[in-house]
Amino acid sequence: MAYTIFKSINVLNPRTNFDEKSNVVIENNKIISISKKINLKTFTNHKSVTIYDGNGLTISPGLMDMRVNLGKTENLKLTQKVALENGVTSIVILPNQTPKLNNPSIIDHIYKQSENSMLPKVNVYGAATKDDAGLEMSELGLMSEMGAVGFTNGNKSIKNSLVMRRLMSYAEMINRPIIQHAEDQDLSGINQASTTSIRGEMNEGEISTRLGLIGIPSCAEVIMIERDIRLAELTGVHYHVAHVSTREAIDVIRQAKKKGLNITCDTAPPYFLLNENVLLNYDTSFKISPPLRTEDDRMAVIEGIQDGTIDAIASDHRARSKDTKVQPFSAASIGAAGIETLFSLTLELVHKKLISLNKAISLISVNPSKILKIKEPTLELNEDATFIIFSDSCKSTINQKNLMFSPTPFEGRNIKGKILATFIRGNPSYLNSILKKRLLNEF
């Protein structure tokens, strides 16, 4: 028998609203005890016992990042490793990869390639339309059978209304959500039928005019959502909006939820921590999609998180090479890394007393699992011991030199919160040196 014991640690389980200081005992890969009192002599007679001092630390379910751009499939193992060290025990990758995740065999290959009992679980979205072109529906049924947890065109919106209706109807039949990057392509300057359209570069407004950059009107987001909500009501599908960023969009989603429609949405840290003002120095690390919006929009995102209109927070991880970012703003690539800062940046909402720690963990663990109908991470007896240990008070500064992926739009930001350990199915897959110093006994 192998036992791992965490003494006097704060146990946070959003699924059951449990939040108490307890002693946690893991036997092999299962949680066998969560109790106020513990008799260590019960376990010290066994061959392998590891005991940690958990005072001042928290144990919670592992995190799920429901929006990860992989780029190339050869980046998979590295992404899993980096996710592991940042408390993410499950990731969902978008279909805009090389090769694209648009047929059952590729999805099956991804699952087989990612299997590792010591690394985070990988889930995939299937491409909603062939070649992300938005014109012809992909093989949704076969991809679903191979494990696709939902369907999306990833970083492209599904523009054609008839195609979207057919996608929603079929997805409803197989009980899978449609995930939309909500952006009117004509308004944002990415009309696929035109070779002369100019891509919008930032949020349209006073600042874009002052900088001489091409603006994307904020209504490009809500227009697409309003259309999709009509189609979702018609078909009964579970419709999910990715990375919402504007007040108008959040208001429309809030009203749809009040009508009882099966609508969910997520956002990402840039949209509740940053606004368009940071672009005044033309820093391309802030060039993301959707673009950073106004301060009023940022506050609306926070309000949406607080009242439950926004169901989850994702990293929207989209790492870019330095060469594609060190260019004039118009030519620079779109996207930013996020998986390494998802946890600490979400905790900013807690430190600013905007939401509780329980809610913060829910937004990046339990809620994404519910949305995608994946087994919810939990801390309960006889469940697999997949969890994280963290300090919510450990201070640090985000430094690009210390990150595996680039760019980060949060360079130099002071943060509080650090992952100290990640256990996957009972395996201590990642142990930070801070936790190793908390080792009380090992025999």
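Modeller: Start with a cluster: ring pairs link Phe6, Tyr52, Phe387 and Phe423. Keep in mind that the model is predicted.

Colleague: How many aromatic pairs are counted?

Modeller: The count comes to 5 aromatic pairs.

Colleague: Why is the pair of Phe6 and Phe387 called edge-to-face?

Modeller: The ring centres of Phe6 and Phe387 are 6.0 Å apart. Pairing needs centres within 6.5 Å. The planes stand at 90 degrees, and edge-to-face needs over 60. So the pair is edge-to-face.

Colleague: What makes Phe6 and Phe387 a link between distant parts of the chain?

Modeller: Phe6 sits in strand β1, residues 2–13. Phe387 sits in strand β17, residues 387–397.

Colleague: What makes the pair of Phe6 and Phe423 edge-to-face?

Modeller: The planes of Phe6 and Phe423 are 80 degrees apart, against a cut-off of over 60. The distance is 5.8 Å centre to centre, and the limit is 6.5 Å. Phe6 lies in β1 and Phe423 in strand β18, residues 414–424, so this pair ties together parts 417 residues apart in sequence. Both Phe6 and Phe423 are buried.

Colleague: How do you know that β18 and β19 pair?

Modeller: Pairing takes at least two bridges. β18 and β19 (residues 427–431) have 4 bridges, in the antiparallel sense. Ala421 has Leu431 in β19 as its bridge partner. The two strands, β18 and β19, form a hairpin with 2 residues between them.

Technical notes: Residues are numbered from 1 along each chain as its sequence is written. This is a predicted model: local features need pLDDT of at least 70, side-chain atom pairs count only at pLDDT 80 or more; totals for chains, interfaces and linings use all residues. Side-chain values use heavy atoms; hydrogens and water are left out. Rings of Phe, Tyr and Trp (its six-membered ring) pair if their centres lie within 6.5 Å; planes under 30 degrees apart count as stacked, over 60 as edge-to-face and the rest as tilted. Buried means under 20% relative accessible area, exposed over 50%, partly exposed in between (1.4 Å probe, protein chains only).
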